[in-house]
Amino acid sequence: MEKFTAVTGIAASFPQENIDTDAIIPASYLRSLGSDLGAGLFARSRYGADGKDNPDFVLNRPPFRQSRILVAGANFGCGSSREAAVWALQRFGIRCVIAPSFGDIFFENAFKNGLLPVILPEAQVRELLSYLAASNDPTLAVDLEHCTVATPQGRSIPFAIAPARRAALLEGLDEIGQTLRHGGEIAAFQKADAAKRRWIHAREQGLVASRARAR
Amino acid sequence: MPESFFDKVWNQHVIADLGDDAFLLHVDRHVIQETTCAQAFKNMARDGRKTRNPELTYAVIDHVLSTAPGRTGDTFEGGREFVHLMRANCAAHNIELIDVDHPWQGIVHIVSPELGIALPGATLVCGDSHTATSGGVGAYAWGIGTSEVEHVLATQSIVQRKPKRMRVTFDGKLAPQVYAKDLILYLIGKAGISAGRGHAVEYAGSAIRAMPIEGRQTICNMSIELGARAGFVPPDDATYEYLAGRPFAPKGRDWEAALAYWRGLPSDPEASFDREIAIDCADIAPQITWGTTPEDVTGVDGRVPDPAAAPDASRRAAMARSLDYLGLTPGQPLEGIPVDVVFIGSCTNSRLSDLEAAAKVARGRKVAPGVRALVVPGSASVRQAAEAAGLDRVFTEAGFEWREAGCSMCVAVNDDQVPPGKRCIATSNRNFEGRQGPGSRTHLASPASAAAAAVRGAIADVRKLAS
Ligand code: SF4
């Protein structure tokens, strides 16, 4: 996983609540491993019916084409489990999303990929949104080591994050590699559990194939 | 200490306490579908990792398929890559695949309970947000992302933080033409789409106990639209009756042992919950959505609400945007709004009982001129059972298309799409902008309400047709 320590850059405002993952990356980009997810980010609002850039969409306006951070309304990333929503943000260049809350699956997916989801209280998110709307230098600095979001004027807002999640991001930990070290415990669990719930573990393969032949 | 169903199931599955509120949980059943596992297998190949327990892994193809009669995995060009990758990856990892032409093929969440893959008190995960559907048979089932799919394939376990416990109690008797779908939409309308965030939801109450297992699956299916990853109905006799004899359900002595274990799972009477919601079902009318999130819902006899009456500016803006997108006017009665497409299908509402409810309305009637109406059974087994009962003929004689099983028009990853600007009454679970295709306008409703809309050519109150 990509490490995350800090990011400083242009922050774009997405003040609406409930931005779902269908909006972040439309389904038409989910049919191939080769899809250009960066181009697909927010495709439905980003492009007009003719396929050209929609000039009103925030990421099409300078300097927001270079956005590294999003500041969004509550429940960002709700809906579909598609991890491509996180990948699309990253391909575009986004490293961090700040919002009052996130969809549960999106939140989890973000951590697995080194995209930092920062939860701040509603009032502070509103403060950041007004700052970004008024500023001619719409940049923010997000520092995971010190757990702060700061404006160029020196306003610094602390945020909370589970220590284990923070550590995993700072180190770029491979969670699967970590869990594989628990291989012995997993095996012991399965053995003990099979004694109690044999029906969970005792499946013999072959039923699927036999039914297919029987047709 | 009294425990809830969820506490008991959680405790049974903890392999290790990882600290900082994180636990390593055992995954009893891992179900994979073609669109969300391809990248996981690719990463595993890169890292030289194997599937730890292929015998606990089940695979189906459902999303990127054509549902045209006689289709194969190649009929929809755009889906071929994932269909072929799925076959190759399953073969390489020794995972049994329920392939496109298999008599058990279907939407992953329809197939999991139907085949007895999902079992009471079992953990079941799938790279798909509607995995909680299997909570209808009492599984602790939840949707995961692709990185987690890879983690589960490699380790048969998952890192989880324990969600809070919520209980939703549905009491009272349902009025005629009111179905499970109406109950869950009503709940989401009342509580909102983020009420369940961070929670695992137990559905309880007399209405749930009286509800057949297929209806419970419909309720659990839309837990994610309430914001919760997991929702379940603890098992009871109806659950055991439903599961007995299903292909992957335990047999013989295993069945007896399982039954004894399952009977101990329901929440203790004194169990506590972090949040409780009570719903009285008696007053619930058939529901229909009027906006672009599932909480934008009202009784079919209601009107399009006025954004001016919204409690705050952000809600006002969101409502105005929804109405603009859907081409609706504040104050307009919902009943009578013309529709172009009717979609009866999806993991929410494509089981036999759903098709029966729709067929009852469609029987002896005709789809209104100019309306395209599709019936897409959730699985090949449902399709076969419906044909045995003659439902296919009821639908085709009325002018509905009778299609093969798959996700179809629920999601625009295949060729069943709602054209731009067209209005669709759908029995699926998401009315997001563009969900059914770019510019598509979606209203969610029950199968009976959808069938009523098809024959009326407009949003219709099914209670008036039924009498
Ligand atoms: S039917 Fe729709 S919601 Fe269900 S699994 Fe398929 S795409 Fe997802």
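The model is predicted. Every value below is computed from it.

## Where the chains meet

Start with the interface. On one side, 61 residues of chain A take part, and they are in contact with 84 residues of chain B. The size of an interface is often given as the accessible area lost when the parts come together. Here chain A and chain B bury about 6000 Å² between them. Carbon and sulfur atoms account for 55% of that area. Three residues stand out on the chain A side: Arg31(A), Trp199(A) and Arg203(A). Together they supply 14% of the area that chain A buries against chain B, more than any other three residues.

Polar links also cross the interface. Between chain A and chain B, 34 residue pairs are in polar contact. Which helices of chain A give two or more residues to the side that touches chain B? They are H5 (104-113), H7 (163-171), H8 (175-180), H9 (183-196), H10 (198-201) and H11 (207-214). H9(A) gives the most, with 8 residues. By type, the residues on this side of chain A divide into 20 nonpolar, 20 polar and 21 charged.

Side chains of opposite charge can pair when their charged atoms come close. Across the interface of chain A and chain B there are 5 salt bridges. In one salt bridge, Arg197(A) meets Asp28(B), with N to O at 3.0 Å.

## The sheet of chain A

Chain A holds an open sheet of 7 strands. Their order is E4-E3-E2-E1-E5-E6-E7, and the pairing is mixed. Which strands stand at the edges? They are E4 (116-119) and E7 (156-158) of chain A. Each has a single partner strand, so one side of each is left without a neighbour in the sheet. From one strand to the next, the twist averages 30°.

| Strands | Sense | Bridges | Opposite residues |
|---|---|---|---|
| E3(A) and E4(A) | parallel | 4 bridges | Ala99(A) and Ile119(A) |

In chain B, 3 strands form an open sheet. The order is E1-E2-E8, and the pairing is antiparallel. E1 (14-19) and E8 (157-161) of chain B are the edge strands, and each pairs on one side only. The twist averages 25° from one strand to the next.

E1(B) pairs with E2(B), residues 22-26, over 4 bridges. In this pair, Ala16(B) stands opposite Leu24(B). H5 of chain B, residues 146-155, lies across E2 and E8 of chain B. H5(B) runs at about 130° to E8(B).

## Salt bridges and local details

Over all chains, the count comes to 41 salt bridges. One of them joins Lys112(A) and Glu175(A), whose closest N and O atoms are 2.9 Å apart. What does this pair tie together? Lys112(A) lies in H5 of chain A and Glu175(A) in H8 of chain A, so the pair ties together parts that are 63 residues apart in sequence.

Two backbone details remain. Most residues other than glycine have a negative phi, and most peptide bonds are trans. Pro62(A) and Pro63(A) are joined by a cis peptide bond, with omega about 0°. Pro63(A) lies in the loop between H3 (43-46) and E2 of chain A. Asn75(A) has a positive phi, near 65°. Asn75(A) is found in the loop between E2 and H4 (84-92) of chain A.

Note on methods. Residues are numbered from 1 along each chain as its sequence is written. Chains are lettered from A and ligands numbered from 1 in the order in which they are written. This is a predicted model: local features need pLDDT of at least 70, side-chain atom pairs count only at pLDDT 80 or more; totals for chains, interfaces and linings use all residues. Side-chain values use heavy atoms; hydrogens and water are left out. Contact means heavy atoms within 4.5 Å. Buried area is the accessible area (1.4 Å probe) that two parts lose on being put together, summed over both. A salt bridge is a side-chain nitrogen of Lys or Arg within 4 Å of a carboxyl oxygen of Asp or Glu. A polar contact is a pair of N or O atoms within 3.5 Å; within protein, one must be able to donate a hydrogen and the other to accept it, and residues adjacent in sequence count only if both atoms are side-chain atoms. Ala, Val, Leu, Ile, Met, Phe, Trp, Tyr, Cys and Pro count as nonpolar, Asp, Glu, Lys and Arg as charged, and the others, Gly among them, as polar. Two strands pair if DSSP finds at least two bridges between them. Axes are lines fitted to C-alpha atoms, for helices over the stretch in contact, and angles run from 0 to 180 degrees between N-to-C directions.
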